[in-house]
Structures are given as structure tokens and as C-alpha cells.
Amino acid sequence: MDKLEELFEFFDKNSDGYISKMELIELVEVLLNEKGLGKSSHILKEFDFNHDSKIDFDEFTAFAKMHLIK
Ligand SMILES: [Ca+2]
Ligand SMILES: [Ca+2]
């Protein structure tokens, strides 16, 4: 299993295959060490490509490439 998949599954607390807004808030606080509420809204706006208000694995990958992988 690759690292991104592990990360995604770790933050997908209810294992429904999506990072919800609540799950995203925790992800932001843990991974980016920023206040989750405002930042998660920005991330949703930027990376929720199909506008379902959740982050799927493809969207998470795009986010990770921008913010997590140097
Ligand atoms: Ca979830
Ligand atoms: Ca989405």
C-alpha cells in the first residue's frame, strides 16, 4: 500500500472512502499544523473538483502533491 493511501485511510475515520469536512479539519490540524476550520474551507474550495463537499482519493492526491510532498 502506498503512503498516500495509508494517510487517506487514516483520516477517513468512518471509512466511507471520502474525507468529509470534519475529517478534513483534523487532517489540516495534524498535517499542516494550522487552525483547521478556515483552512479546510479553502482546501475544499480548491480541491473539491466534483463539488460534492467531500475529498475523494483523487482530490486528496492533488492536495497532497501541492501541500505535503516537497
Ligand atoms: Ca469519511
Ligand atoms: Ca469531491
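Ser41 sits in helix α3. This is a predicted model. Ser41 counts as partly exposed, because it has 14 C-beta neighbours inside 10 Å, and partly exposed residues fall between the cut-off of 20 or more for buried and 12 or fewer for exposed. Ala62 lies 21 residues from Ser41 in sequence. In space, the C-alpha atoms of Ser41 and Ala62 are 16 Å apart.

Now take helix α3 as a whole. The helix covers residues 36–47, twelve in number.

Which residues of α3 are buried? They are Ser40, Ile43 and Phe47. Viewed down the axis of α3, the buried residues fall within an arc of 60°, so they line one face of the helix. The other side of α3 carries exposed residues: Leu37, Gly38, His42 and Lys45.

Eleven residues along the chain from Lys45 is Glu34. The C-alpha atoms of Lys45 and Glu34 are separated by 17 Å.

What covers the buried face of α3? The cover includes α2 (21–32) and α4 (57–67). Each can be taken in turn.

Start with α2. Two packed helices are described by the angle between their axes and the distance between the axes. The axes of α2 and α3 come within 8 Å. They cross at roughly 110°. That makes α2 roughly perpendicular to α3, because angles of 65 to 115 degrees count as such.

The residues that meet can be named. On the α2 side they are Lys21, Leu24, Ile25, Glu26, Val28, Glu29 and Leu32. On the α3 side they are Gly36, Leu37, Lys39, Ser40, Ile43 and Leu44. By class, this contact has seven nonpolar, two polar and four charged residues. Ser40 and Ile43 take part in the contact with α2, and both are buried. Leu37 also meets α2, yet Leu37 is exposed.

Between α2 and α3 runs a loop, and Asn33 is in it. Asn33 has a positive phi of about 55°, although it is not a glycine. Is Asn33 buried or exposed? Asn33 is exposed, because 7 other C-beta atoms lie within 10 Å.

Ser15 also has a positive phi, about 50°, and is not a glycine. Ser15 belongs to the loop between α1 (3–11) and α2. With 7 C-beta neighbours inside 10 Å, Ser15 counts as exposed.

Is Phe49 buried or exposed? Phe49 counts as exposed, because it has 11 C-beta neighbours inside 10 Å, and the limit for exposed is 12 or fewer. Phe49 and Glu59 are ten residues apart along the chain. Their C-alpha atoms are separated by 6.9 Å.

In α4, Glu59, Phe60 and Phe63 are buried. Seen down the axis of α4, the buried residues fall within an arc of 100°, so they line one face of the helix. On the other side of α4, Asp58 and Lys65 are exposed. Which helices do the buried residues of α4 pack against? They pack against α1 and α3.

Phe60 is in helix α4. Phe60 is buried because 23 other C-beta atoms lie within 10 Å, and the cut-off for buried is 20 or more. Leaving aside neighbours within four places in sequence, Phe60 is in contact with Phe8, Ile19 and Ile55. Phe60 and Phe11 are 49 residues apart in sequence. In space they are 11 Å apart, C-alpha to C-alpha.

The buried residues of α3 have α2 and α4 among their cover. The axis of α2 crosses that of α3 at roughly 110°. The buried residues of α4 pack against α1 as well as α3.

Conventions
Residues numbered from 1 in each chain as written. Chains lettered and ligands numbered in written order. Predicted model: local features only at pLDDT ≥ 70, side-chain atom pairs only at ≥ 80, totals over all residues. Helix = DSSP H or I, 4+ residues; strand = E, 2+ residues; numbered from the N terminus. Expected span 1.5 Å × (residues − 1). Arc of directions from axis to C-beta. Contact = placed C-beta atoms within 7 Å. Axes fitted to C-alpha atoms, helices over the stretch in contact; angles between N-to-C directions. Parallel < 35°, antiparallel > 145°, perpendicular 65-115°, else oblique. Nonpolar A, V, L, I, M, F, W, Y, C, P; charged D, E, K, R; others polar.
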